[in-house]
Amino acid sequence: MFANTLRSTLRAASRSSVRALSTAPAKAAVSNGLTLGLAGAVVGSYAVYQVSMNKPVLLEGAKTIAGEKGTVSERSFIMIKPDGVSRQLVGKIVSRFEERGYKLVAIKSLTPSPALAQEHYSDLSSRPFFGGLVKYITSGTPVVAMVWEGKDVIRQGRRIVGATNPLESDPGSVRGQYAVSVGRNLIHASDSFDAATKEIGLWFAETELSQYEPTTWNWVMADN
Ligand SMILES: Nc1ncnc2c1ncn2[C@@H]1O[C@H](COP(=O)(O)OP(=O)(O)OP(=O)(O)O)[C@@H](O)[C@H]1O
């Protein structure tokens with residue numbers, strides 16, 4: 001009984017959250033000619049958000065388009081920025097995630113529209129470098145947008161990528177090895193589960209995400 005009530009509440013919230021979240025990405029989709037939308041942040045017939053004051057709130061233990069936090073299904077949005085593509089570092093960066101044992105579930109190359117870049121970095125819109133950041137991401141040299149999956153991929157992804165300012169990045173990280181300037185720091189990685197949910201839903205439709213098991217999976221993703 002409780003489960004049924006919960007399910008119908010969740011379904012209703014799902015419909016609301018799709019409506020509440022679909023406007024900005026829809027604009028991005030038009031200018032990109034891509035199928036994009038935060039609607040993708042809702043998985044299956046179950047809602048993952050309650051809509052309160054127009055702000056999505058993640059329900060505990062919920063599975064989103066970013067998988068389930070802290071499990072092997074966790075996903076992160078990783079983007080090689082235009083400088084990484086132009087400097088032909090794509091293969092090296094992809095190898096780092098592959099060799100660590102993570103699973104590539106989506107990859108595409110595109111030049112984002114200003115609307116998409118602005119939505120992606122919306123939390124930085126009041127910062128003085130925001131205009132330059134959007135210009136850099138939308139320069140015309142493409143980005144490589146990816147979704148990687150596996151246990152702790154969000155936190156591990158941030159470690160692989162390194163600190164925002166290359167001066168403070170661990171020398172073994174991507175930014176620590178290849179970047180010099182904060183304004184040309186090569187790569188983006190989701191910094192939380194909520195951010196991964198927003199970003200994967202913004203850049204990818206759920207149908208673009210593959211489900212498969214690499215042959216090495218059980219040799220990497222196990223705690224016994
Ligand atoms: N002071 C700055 N000057 C110029 N660009 C900056 C500055 N601070 C941040 N940026 C740019 O904005 C991006 C987003 O900044 P944020 O503080 O979210 O860091 P981040 O989470 O490490 O980066 P990203 O979101 O790209 O992974 C940075 O990666 C960098 O490209």
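Which residue takes a positive phi just after helix 7? I looked there and found Gly 162, with a phi of about 95°.

**Basis of the entries**

I note that this is a predicted model, in which local features need pLDDT of at least 70 and side-chain atom pairs count only at pLDDT 80 or more, while totals for chains, interfaces and linings use all residues. Residues are numbered from 1 along each chain as its sequence is written.

**Overall make-up**

I recorded 10 helices and six strands in the protein chain. Helices (H or I, at least four residues) and strands (E, at least two) are DSSP runs, numbered from the N terminus. I then looked up burial: 36% of the 224 residues in the protein chain are buried. A residue is buried if 20 or more other C-beta atoms lie within 10 Å of its own, exposed if 12 or fewer, and partly exposed in between, with C-beta atoms placed from the backbone. For contacts (C-beta atoms, placed from the backbone, within 7 Å), I considered those with a separation of 6 or more, and 68% of them join residues 24 or more positions apart.

I found that UniProt, in an unreviewed entry, lists residues 73-211 as "domain: Nucleoside diphosphate kinase-like". UniProt positions are given in the numbering used here, feature names are shortened, and annotations may be inferred rather than shown by experiment. Over residues 73-211 the chain is 40% helix and 17% strand, and the end C-alpha atoms lie 10 Å apart.

**The largest nonpolar core**

I turned to the largest nonpolar core, which has 36 residues. Such a core is a set of buried Ala, Val, Leu, Ile, Met, Phe, Trp, Tyr and Cys residues joined through C-beta atoms within 7 Å. Met 146, Val 147, Trp 148, Val 174, Ile 187 and Ile 200 touch the most other members. Strand 5 (residues 143-149) gives the largest share of this core, six residues. For Met 146 I listed contacts with Ile 78, Met 79, Leu 104, Ala 106 and Ile 107, leaving aside its neighbours within four places in sequence.

In helix 7, I found Val 153, Ile 154, Gly 157, Ile 160 and Val 161 to be buried. Seen down the helix axis, these residues fall within an arc of 120°, so they line one face of helix 7. The arc is that of the directions from the helix axis to the C-beta atoms. The buried residues of helix 7 pack against strand 3 (75-80), helix 4 (90-100), strand 5, helix 8, strand 6 and helix 9.

Is helix 9 (residues 193-203) largely enclosed or largely open? I noted that nine of its 11 residues are buried, so helix 9 is largely enclosed by the rest of the structure. Among these buried residues are Phe 193, Lys 198, Glu 199 and Trp 203.

**Annotated positions and the ligand**

I looked up the UniProt annotation "binding site" (unreviewed entry), which covers Lys 81, Phe 129, Arg 158, Thr 164, Arg 175 and Asn 185. Arg 158 is in helix 7. Arg 158 counts as partly exposed because 18 other C-beta atoms lie within 10 Å. Beyond four places in sequence, Arg 158 is in contact with Ala 189 and Asp 191. Asn 185 sits in the loop between helix 8 and strand 6 (187-189). Asn 185 is buried, because it has 22 C-beta neighbours inside 10 Å. Not counting residues up to four places away in sequence, Asn 185 touches Thr 164, Pro 166, Arg 175 and Ala 179.

I also listed residues around the ligand, including Phe 129, Thr 164, Asn 185, His 188 and Asp 191; a residue is near a molecule if its C-beta atom, placed from the backbone, lies within 6 Å of it.

**Ser 169**

I found Ser 169 in the loop between helix 7 (153-161) and helix 8 (174-178). Ser 169 is buried, because 20 other C-beta atoms lie within 10 Å. Ser 169 touches Gly 162, Ala 163, Arg 175, Gly 176 and Ala 179, not counting residues up to four places away in sequence.

**Positive phi at Gln 88**

Most residues other than glycine have a negative phi. I noted that Gln 88, not a glycine, has a positive phi of about 55°. Gln 88 lies in the loop between helix 3 (82-86) and helix 4. Gln 88 is exposed, because 8 other C-beta atoms lie within 10 Å.

Note on methods: Contact = placed C-beta atoms within 7 Å.
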